Amino acid sequence: MSKLLSVVEPGPQRGASTAKFALWALGFRPFYLLASIFAALSIPLWVAQYTGYLPVSLLHGSTWHGHEMLFGYTLAVVAGFLFTAGRNWTGQPTPTGGVLFAFALLWIAGRVLLLTPYAVAAALVNAAFPVAVGIGLVIPLVKSRNRRNYFFVALLMLLGAAILAMHLSWLGMLAWPERASLQLGLDVILFIIAVMGGRVIPMFTNNGIPGTQAIRHPLVEKIALGSVLILLGADILSAPATVIATIALAAAVVHAIRLYLWRPWRTFATPLVWVLHVAYGWIVIYLVLRALAVLSLVAEPLAMHALTIGAIGGMTIGMMTRTARGHTGRPLLADGFDLACFVLVQSAAVIRVFGGMIVPDAYLTTVIGSGICWSLAFALYAIRYWPVLSRERIDGKPG
């Protein structure tokens, strides 16, 4: 596979001391750690508000929760991944040291400012983060003439615009629905997952399980990615519900075919692989539920959480684990902590989506139960990988 289309997967190494502090050595380190801590702490805060223990005014209601999970947690993981993968794609340095520290401070400032009365500052800082990440990524891309990945920069700029539009809606300065900004952000993140899933899941499957023969069919790949872009365009244009439902159902079919070609049933004995397949399966579920939701056949939050918890949560915990292991020279084998994290995130998705669907009278209980599983998963990750992410590679190599 072309270097431009892959993420280098380091093998296990042994040797050097892990005593030196290395949190700012490469993008995945601070952002995966920050994202996991934030994911573990913010959901209990949201559940406390949802159940009435915190005033709605403190967190802007459900829009704060959506904003922070998408533009806070998810963007942090995306930033860490792109800064790490970007170095592999280009052979050029990506932000490290003091510059990477400044990126982390910008992200932290965005989280803090949302809890203060300084709404304009919160808008500017939060919108600036994906733009800054785009600039940090485009420099090595341009230096290496890696045009095939320029679209990531465009997507980051689009996320910055969605964030700014959402904040301006909060401020009453823009007649734009807050939910529209969240949907736009979800569509962009879905496209990023679809692109990166297509690049890494078949490769990791074939590398980790010899003889699996996961296939990337060129036509299926193009249609799968194109369907997400068409859905994104339909959402931007506020297309009629029947049009969005038709696009979503067609997209669900082609993504199901794509996943089938990757042979997910052969991965169950390898947690670092099956976690990515299961997460991708949630994309198919989301697209079906999205179609049903726009036709008012199921509740919209159920569809949204199939994407946010099942697909985004599952894919990010899987990639965060794999990257933390591979890029610190450790064996690509999941331990008990890792497996617990994977199962807890999937449990959170099942409880939130299907629990709320099957037992609507226990909806509040499903929200609380899902939140507990999610928070435990990321608390375990933060505890397990704090020393891994903050210390140098065990082989003494840079990164």
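**Core, helix contacts and salt bridges in a predicted model**

Thr 63 is buried, with a relative accessible area of 7% (buried means under 20% relative accessible area, exposed over 50%, partly exposed in between, with a 1.4 Å probe and protein chains only). The model is predicted: local features need pLDDT of at least 70, side-chain atom pairs count only at pLDDT 80 or more, and totals for chains, interfaces and linings use all residues. Residues are numbered from 1 along each chain as its sequence is written, and side-chain values use heavy atoms, without hydrogens or water.

Thr 63 lies in helix α3, where helices (H or I, at least four residues) and strands (E, at least two) are DSSP runs numbered from the N terminus. Beyond its neighbours within four places in sequence, Thr 63 is in contact with Met 166, Trp 170 and Glu 178 (contact means heavy atoms within 4.5 Å). Thr 63 and Trp 170 are 107 residues apart in sequence. Their C-alpha atoms are 9.5 Å apart in space.

Helix α3 spans residues 62–90 and also holds His 65. His 65 counts as buried, at 14% relative accessibility. With residues up to four places away in sequence not counted, His 65 touches Ile 43, Trp 46 and His 305. Met 69 is found in helix α3 as well. Its relative accessible area is 13%, so Met 69 is buried. Under the same exclusion of residues up to four places away, Met 69 touches Phe 38, Ser 42, Ile 43, Thr 74 and Trp 374.

The largest nonpolar core has 119 residues. Such a core is a set of buried Ala, Val, Leu, Ile, Met, Phe, Trp, Tyr and Cys residues joined through side-chain atoms within 4.5 Å. Phe 31, Phe 71, Tyr 73, Trp 374, Phe 378 and Tyr 381 touch the most other members. Helix α7 (residues 178–208) gives the largest share of this core, 16 residues. Phe 71 touches Gly 66, Arg 111, Leu 159, Ala 162, Ile 163, Met 166, Ser 181, Leu 182 and Gly 185, again leaving out residues up to four places away in sequence. Met 166 is a contact of Phe 71 and of Thr 63.

Helix α10 (residues 271–294) has 24 residues. From its first C-alpha to its last, α10 reaches 34 Å, close to the 34 Å expected at 1.5 Å a residue (the expected span is 1.5 Å times one less than the number of residues). The helix is mostly covered, with 18 of its 24 residues buried. Ser 296 follows α10 and has a positive phi, near 65 degrees.

The whole structure has 8 salt bridges, each defined as a side-chain nitrogen of Lys or Arg within 4 Å of a carboxyl oxygen of Asp or Glu. In one of them, the side chains of Asp 335 and Arg 325 meet at 3.2 Å, N to O. Asp 335 lies in the loop between α11 (300–326) and α12 (336–358) and Arg 325 in helix α11, so the pair ties together parts 10 residues apart in sequence. Asp 335 counts as partly exposed, at 23% relative accessibility. Arg 325 is buried, with a relative accessible area of 6%. Arg 325 also forms a salt bridge with Asp 338, whose closest N and O atoms are 3.1 Å apart. This pair links Arg 325 in helix α11 to Asp 338 in helix α12, 13 residues apart. Asp 338 counts as buried, at 1% relative accessibility.

A further salt bridge joins Arg 393 and Asp 395, with the closest N and O atoms 2.8 Å apart. Arg 393 is buried at 6% relative accessible area, and Asp 395 is buried at 16%. Salt bridges that share partners join Arg 325, Asp 335, Asp 338 and Arg 384 into one network.

On the surface, Tyr 50, Leu 364, Ile 368, Ile 372 and Leu 376 form a nonpolar patch. Together they have about 430 Å² of accessible area (Shrake-Rupley method with a 1.4 Å probe; for residues, only the protein chains shown count as cover). Patches are made of residues with over 30% relative accessible area and no salt bridge; like charges are joined within 9 Å, and nonpolar side chains (Val, Leu, Ile, Met, Phe, Trp, Tyr) within 5 Å. Helix α13 (residues 363–390) gives the most to the patch, with 4 residues. Ile 368 has its place in α13. Ile 368 is partly exposed, with a relative accessible area of 32%.
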